[in-house]
Every structure is written in C-alpha cells, then in structure tokens.
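Here is a short briefing to read alongside the model.

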Amino acid sequence: MAAHYQASLSGVFRRRLRAIVGERGLLSARADRTVYECDGYTLERSVPELVVLPETTEQVAGVVRAAAQAGVPFVPRGAGTGLSGGCLPAPAPLMVCVSRMRRIRALNLANRRAVVEAGVVNAAVSRAVQAAGLQYVPDPSSQNACTIGGNVAENSGGPHTLKYGVTTNHLLGVELVLPDGEVMELGDAIEDTLGYDLTGVACGSEGTFGIVTAATLRLEPLPEGVTTMLAVFETVADATTTVSRIIASGIVPAALEMMDRTIVEAVEAAYHFGFPTDAGAILIVEIDGPAAGLPALAARVTEICRASGARSVRIAADEAERAALWKSRKRAFGAVGRLAPSYCTQDGVVPRTRLPEILARIEEIGARHRLRIGNVFHAGDGNIHPIILYDERDRDQVVRVLEAGREILAACVALGGSVTGEHGIGVEKMRELGLLFGGDDLALMRRVRAVFDPAGRANPGKIFPTPGGCVEQRAPRRQAAV
Ligand SMILES: Cc1cc2nc3c(=O)[nH]c(=O)nc-3n(C[C@H](O)[C@H](O)[C@H](O)COP(=O)(O)OP(=O)(O)OC[C@H]3O[C@@H](n4cnc5c(N)ncnc54)[C@H](O)[C@@H]3O)c2cc1C
C-alpha cells in the first residue's frame with residue numbers, strides 16, 4: 001500500500017484539475033473546504049487540501065488519472081452522511097465529491113431497472129418511478145440526503161431491509177473509475193451474469209476500490225397493501241423479546257423498528273406525533289403484501305405484541321398517519337440534538353434473539369461510564385444503533401464515549417454478532433475489525449483491495465488498521481483514547 005502523502009498539492013496539479021472540472025468544480029478556499037472536514041462521525045476532522053466536484057464520468061476519470069500521475073491519494077465522497085468517518089479526508093489531500101452527478105440515465109420500467117449516477121439522492125430514485133407503481137427499496141433513514149454512490153460504497157440498509165435486503169440485493173451493476181483512471185463496468189442489467197460477482201465485491205468497499213460513478217438498480221413493485229402499527233411497551237426487554245417472537249411466528253414484517261424512551265422523548269418533543277413519553281420502548285411494525293391478507297396478519301402481530309406485554313397496539317388510520325409515523329422515525333437522529341451538544345451513533349449487530357441481552361449490556365455500559373445512551377434501531381435485523389450523548393468540548397467525556405463504544409461492539413461480538421450492521425468500518429472501527437478477523441483474513445482482504453487499487457491511493461487510512469501510521473497518531477479520537 002502507498003505511503004501516506006506528505007507533500008502539498010502542486011500548482012501544476014491544481015491547474016490540471018481546473019482544466020478538467022473548470023473553476024466551478026474546484027474548491028480551494030479554506031472556508032469552502034472546511035465544510036468537508038468530516039461526515040456524520042464528527043469525532044475526527046481534517047480539512048482536505050482540495051475538493052473537486054466533477055459532473056461527468058469523464059471528469060472523474062480525468063481527475064483520478066491526473067492524481068495517479070502525480071501520485072496523489074484521494075477520498076471519494078457523496079453527501080457526507082456516513083457515520084463511521086469513511087470520507088474523513090486525512091491522509092488523502094484530494095477529495096472527489098460526486099454530489100453533482102445527479103442524472104438518472106435510464107429508466108427501463110418493463111424490466112424494472114434504473115441506471116443512475118452516483119450523486120443521485122436515494123429517495124429521488126423511488127420518486128422517479130413511483131407513478132409507474134415501482135420503488136427502489138433500500139431506504140436508509142438518511143434517504144433524503146445520502147447518495148446512491150455512498151449507498152453502494154457502504155452496502156447500506158434501512159428499515160425495509162428486514163424483508164427486502166440491503167443495497168447489494170438490489171444492485172445489478174456498477175460503473176467504477178479505478179484509481180488509475182480506467183472506467184470499468186461491473187455486472188449487467190440481466191439477472192444472471194457469468195463469472196465472479198465483482199459487483200457484489202465492490203459493494204461495501206467504502207471507496208477503497210475507486211470511485212463509483214453510476215449504478216444499475218433493481219426496481220420493485222410497490223406492495224398492493226401496507227399496514228403500519230405502533231406497539232407501546234413498558235420495558236425495552238418486552239419490546240425486544242416481541243421482535244424475535246414476531247419473526248419466530250413465521251411473519252416477516254417489511255419493517256420492525258424500535259425506539260427507547262430517551263429517543264421517544266426527543267422525537268415527540270421535535271415532531272409531536274403523539275408518542276407516549278412514559279413508555280419504556282415502542283415498536284413500529286410494518287407489514288405489506290396483498291391487501292386481502294393484511295387484516296389477518298395485523299391481528300396476529302397485535303396478538304403477539306399483547307401476549308408479550310404491549311400496553312397498546314395502534315394501527316395507522318391512513319396514509320397521512322403512516323407517513324407522519326415514518327417521518328418521525330427517520331428524523332429521530334435529528335431530534336437527538338435536543339438532548340446533548342454532541343452524539344456518537346454506534347452500529348453493531350447481534351442475532352435478534354440476543355437483543356434483550358445487548359440492550360441490557362448497553363444500559364450497564366452507559367451507567368458505568370456515566371453516559372446517557374438512547375437507542376433507535378432496525379430491531380428486526382438485530383441491528384443496534386446506541387446513540388451516545390456527550391459534549392465534545394469535554395475531553396474526559398470523549399474518552400468515556402470511545403471506551404463505551406468499544407465495549408458495546410465487543411459485547412456484540414461476544415453475543416455472536418458483528419461490529420457493523422450497515423455504517424461500515426471507516427476510521428471509526430478499524431481497531432474493532434480485529435475482534436472478528438485474524439491477520440490472515442485481513443491480509444486476504446488487503447489482497448482483494450490491491451486487485452482494484454494496487455498503489456493504495458483510493459481512500460487510504462480506512463477499514464484496515466495501520467499501526468504507527470501518521471493518521472493514527474494525529475487523530476484526536478485515538479489521541480483521546482490513549
Ligand atoms: C440521520 C442518519 C440516518 C442514517 N440511517 C442509515 C440507515 O438507516 N441505514 C444505513 O445503512 N445508513 C444510514 N446512515 C448512514 C449513511 O447515510 C449511509 O452510510 C449512506 O449510504 C452514506 O451515503 P453518502 O452519500 O452520504 O456517503 P458519504 O458519507 O459521502 O460516504 C460514505 C463512504 O462511501 C464512500 N463513497 C461515497 N461516495 C462514493 C462513490 N461515489 N464511490 C466510491 N465511494 C464512495 C466514501 O469514501 C465513504 O467511505 C444514516 C446517516 C444519518 C446521518
């Protein structure tokens with residue numbers, strides 16, 4: 001892998017990039033670049049030396065080729081909503097942000113396919129095909145901002161992942177600009193392709209294979225009927241036990257989400273949906289399919305919830321109420337700003353039957369580190385998102401947040417789970433990767449990466465631990481932790 005880049009970007013290099021993307025596509029003033037200093041993981045920041053905003057694949061290829069010739073590492077970026085520091089600039093001085101590549105290139109409704117550029121916002125895909133009775137299913141809660149390129153890089157999920165799968169299950173092909181500037185097409189729009197599934201390999205590679213410039217997506221028909229329910233529980237344990245009971249009964253809801261009291265209080269204060277703020281936890285259960293079958297399914301879900309201790313179960317009366325319910329859930333992170341000046345969202349997974357145990361562990365870890373932790377997560381997948389509240393100006397709190405985060409992830413692994421459900425490794429969890437993989441596994445992963453990026457210039461300093469690397473020593477997070 002390439003050594004970390006030390007020199008400043010030369011004037012010649014800058015002029016070359018300006019010739020490719022134009023004045024409008026280049027941000028060099030400090031104030032403009034500062035916006036790009038971090039993503040949603042704010043514990044580490046570094047301002048890129050230069051940001052380019054290409055508008056076409058040719059421009060991306062030109063920029064990357066120029067970077068290759070100058071030996072400059074680069075970091076790809078979409079909307080910057082990532083939660084693991086995946087597009088933290090350091091140690092790459094050049095940021096390539098594809099958010100201006102927003103064209104939907106082709107809609108093939110008969111074959112249920114869409115070809116979209118990497119900067120297209122997730123929710124825009126479903127909006128574009130809704131009138132034809134279709135949707136793009138993976139729906140991260142950030143879907144009104146995050147890009148398809150970012151979704152591909154992180155293999156993102158969302159509330160409806162439980163029944164329909166994550167990004168890789170809806171991704172048929174990728175246009176990828178390799179770190180030497182070659183434009184490569186992976187996959188195909190047809191169902192079964194020959195050879196290695198390179199699209200699958202590239203999905204989730206967190207920008208370390210190059211820059212995704214377009215993706216071919218599978219579209220799904222909108223379900224004939226949808227019923228959304230709100231079940232209210234006295235305790236988190238009752239709510240999480242209900243999650244596995246619903247699935248064990250043979251029902252696979254389209255979505256099964258949980259919010260605990262801390263989050264419900266914040267969400268209610270912000271959006272006034274009518275959530276009970278004295279409840280221990282609430283579940284949002286959505287079932288979909290042929291309309292005729294939904295009342296019986298809803299009755300069965302209600303029965304299971306009540307048998308597991310639900311205080312009440314309410315069915316959204318109409319589309320407006322359903323939309324309001326989802327809006328509150330999907331904006332939950334935004335409401336957390338009411339609780340503390342800073343927060344850090346953890347992301348782990350456990351087998352869903354272990355949810356009661358991991359939630360109890362999270363509570364214990366929070367109490368021991370004197371930190372308030374709220375929980376809002378895709379419960380049906382066993383994918384937890386403890387939100388650790390703190391004040392980043394207080395170094396002691398930062399240290400405790402980091403330690404608590406590590407303990408939560410270690411607890412996930414001890415319960416048979418993993419250190420990330422959907423937010424990726426980025427810089428945040430490089431160390432935790434070692435909890436799951438040994439040296440041989442990591443070496444093999446590095447070799448796969450090297451097939452695409454032999455010089456290690458695409459998003460360096462992410463995913464793989466680099467002991468002794470200069471970023472590790474500089475990073476405030478890791479400084480605080482030692
Ligand atoms: C409020 C909130 C809710 C969220 N909810 C969810 C959720 O429900 N499910 C979920 O999975 N995630 C969720 N996320 C995390 C985040 O939105 C996703 O990871 C999303 O896919 C990131 O997209 P982005 O365009 O913002 O990517 P960025 O943050 O810009 O980048 C993320 C990573 O992808 C790489 N990358 C970006 N674009 C490209 C490209 N074109 N080519 C190659 N690499 C690229 C970057 O280098 C970086 O490593 C949430 C985040 C927030 C803030």
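In which handedness of crossing does α1 pass α3? The crossing is right-handed, a label used when the near helix is turned clockwise from the far one by less than a right angle, left-handed being the anticlockwise case. This is a predicted model, in which local features need pLDDT of at least 70 and side-chain atom pairs count only at pLDDT 80 or more, while totals for chains, interfaces and linings use all residues. Residues are numbered from 1 along each chain as its sequence is written, and side-chain values use heavy atoms, with hydrogens and water left out.

**The helix pair**

- Helix α1 (residues 11-21) packs against helix α3 (residues 57-70) at an angle of about 165°, and their axes are 9 Å apart.
- That angle makes the two helices, α1 and α3, roughly antiparallel (over 145 degrees; under 35 is roughly parallel, 65 to 115 roughly perpendicular and the rest oblique).
- On the α1 side the contact uses Phe13, Arg16, Leu17, Ile20 and Val21, and on the α3 side Gln59, Gly62, Val63, Ala66, Ala67, Gln69 and Ala70; contact means heavy atoms within 4.5 Å.
- By type, the residues of this contact of α1 with α3 are eight nonpolar, three polar and one charged. Here Ala, Val, Leu, Ile, Met, Phe, Trp, Tyr, Cys and Pro count as nonpolar, Asp, Glu, Lys and Arg as charged, and the others, Gly among them, as polar.
- Helices (H or I, at least four residues) and strands (E, at least two) are DSSP runs, numbered from the N terminus.
- Axes are lines fitted to C-alpha atoms, for helices over the stretch in contact, and angles run from 0 to 180 degrees between N-to-C directions.

**The sheet and its helices**

- Five strands form an open sheet in the order β5-β6-β10-β8-β9, with antiparallel pairing; two strands pair if DSSP finds at least two bridges between them.
- Because β5 (104-108) and β9 are edge strands with a single partner each, one side of each has no neighbour in the sheet.
- From one strand to the next, the twist averages 10°.
- α3 lies across β5, β8, β9 and β10 (211-218), and runs at about 50° to β8.
- Helix α4 (residues 122-129) also packs on the sheet, where it touches β5, β6 (113-117) and β10, at about 40° to the direction of β5.

- β8 (residues 171-177) and β9 (residues 183-187) pair in the antiparallel sense over five bridges.
- Glu175 stands opposite Glu185 of β9, and Gly173 has Gly187 in β9 as its bridge partner.
- Five residues lie between the strands of this hairpin, and Gly181 takes a positive phi near 100°.

- Thr147, in the loop between β7 (134-135) and α5 (148-154), counts as buried at 3% relative accessibility (buried is under 20% relative accessible area, exposed over 50%, partly exposed in between, with a 1.4 Å probe and protein chains only).
- His369 sits in the loop between α13 (355-368) and β18 (372-377) and, at 10% relative accessibility, counts as buried.
- Arg370 belongs to the loop between α13 and β18; with 59% relative accessibility, Arg370 counts as exposed.
- Arg370 has a positive phi of about 55° although it is not a glycine.
- Glu206, in the loop between α7 (198-202) and β10, is a non-glycine residue with a positive phi of about 55°.
- Ala90 and Pro91 are joined by a cis peptide bond with omega about 10°.
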